[in-house]
Amino acid sequence: MATPTREPNRREQILAAAAAKFARYGFHGVGIDDIGAAVGISGPALYRHFRGKEAVLAEMLTGISDTLLAGGRERVGGEDPAADLDRLVAWHVGFALGNPDLITVQARDLDSLGSPDRNRVRERQRAYVEVWVDVLCRLHPGLARSTARAAAHAAFGLINSTPHSTRLSSGAMTDLLHRMARAALAEVTG
């Protein structure tokens with residue numbers, strides 16, 4: 001018997017609607033009333049769930065970073081760094097293809113956060129990058145951490161381009177991105 005899927009709660013509905021709106025119109029192009037209307041409530045009713053639009057963005061971007069970091073950490077630590085890297089690439093590709101609105105918002109609207117929230121997101125992003133750096137340095141002994149970090153960011157750029165390149169089926173795009181990212185990261189030296 002299939003496990004029943006849980007309906008998203010109101011906060012999750014608001015975050016999903018805000019992600020779609022922010023991805024399409026940008027953070028500054030969306031008002032509280034727009035987000036509320038997207039989930040069938042008034043703008044002022046949204047304040048029962050979030051203190052404001054920036055709080056919605058902060059929770060959204062912190063959530064993305066927490067999810068990526070936790071997922072990355074779950075996929076590494078094996079004996080084979082190549083297998084760890086394959087799992088990291090597959091994880092990130094799956095996340096990016098499954099969440100194009102979040103990828104767009106993360107890339108475009110992070111600077112719309114105030115310093116404390118932006119710093120919190122950046123801290124988690126740096127920790128996620130270091131998961132990749134550790135694996136790349138295990139895979140390529142002698143690789144400078146700075147080079148591994150640059151390679152991880154380059155792979156993220158490739159994978160996170162998905163909101164702009166979804167002209168293939170999901171399966172074909174998953175396969176293409178995985179092969180391309182894995183091939184690029186196999187060539188890391190220095």
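## Nonpolar core

A nonpolar core is a set of buried Ala, Val, Leu, Ile, Met, Phe, Trp, Tyr and Cys residues joined through side-chain atoms within 4.5 Å, where buried means under 20% relative accessible area (1.4 Å probe, protein chains only). In this predicted model, local features need pLDDT of at least 70 and side-chain atom pairs count only at pLDDT 80 or more, whereas totals for chains, interfaces and linings use all residues. Residues are numbered from 1 along each chain as its sequence is written, and side-chain values use heavy atoms, without hydrogens and water.

The largest nonpolar core has 58 residues, and Phe22, Val56, Met60, Trp132 and Leu185 have the most contacts inside it. At least two residues of this core come from each of α1, α2 (32-38), α3, α4 (81-98), α5, α6, α7 and α8 (170-186); helices are DSSP runs (H or I, at least four residues) numbered from the N terminus.

## Surroundings of Phe22

Beyond its neighbours within four places in sequence, Phe22 is in contact (heavy atoms within 4.5 Å) with residues including Val56, Leu57, Met60 and Val105. Lys53, Arg108 and Asp109 are also among its contacts.

## Largest pocket

A pocket is an open set of points on a 1 Å grid over the protein atoms alone, where a 1.4 Å probe fits, with protein on both sides within 12 Å along at least five of seven lines; lining residues have an atom within 4 Å of a point. The largest pocket is lined by 19 residues, with Gln106, Arg122, Gln125, His153 and Phe156 nearest its centre. α6 gives the largest share of this lining, 6 residues.

Technical notes: Buried < 20%, exposed > 50% of the residue type's maximum accessible area, 1.4 Å probe, protein only.
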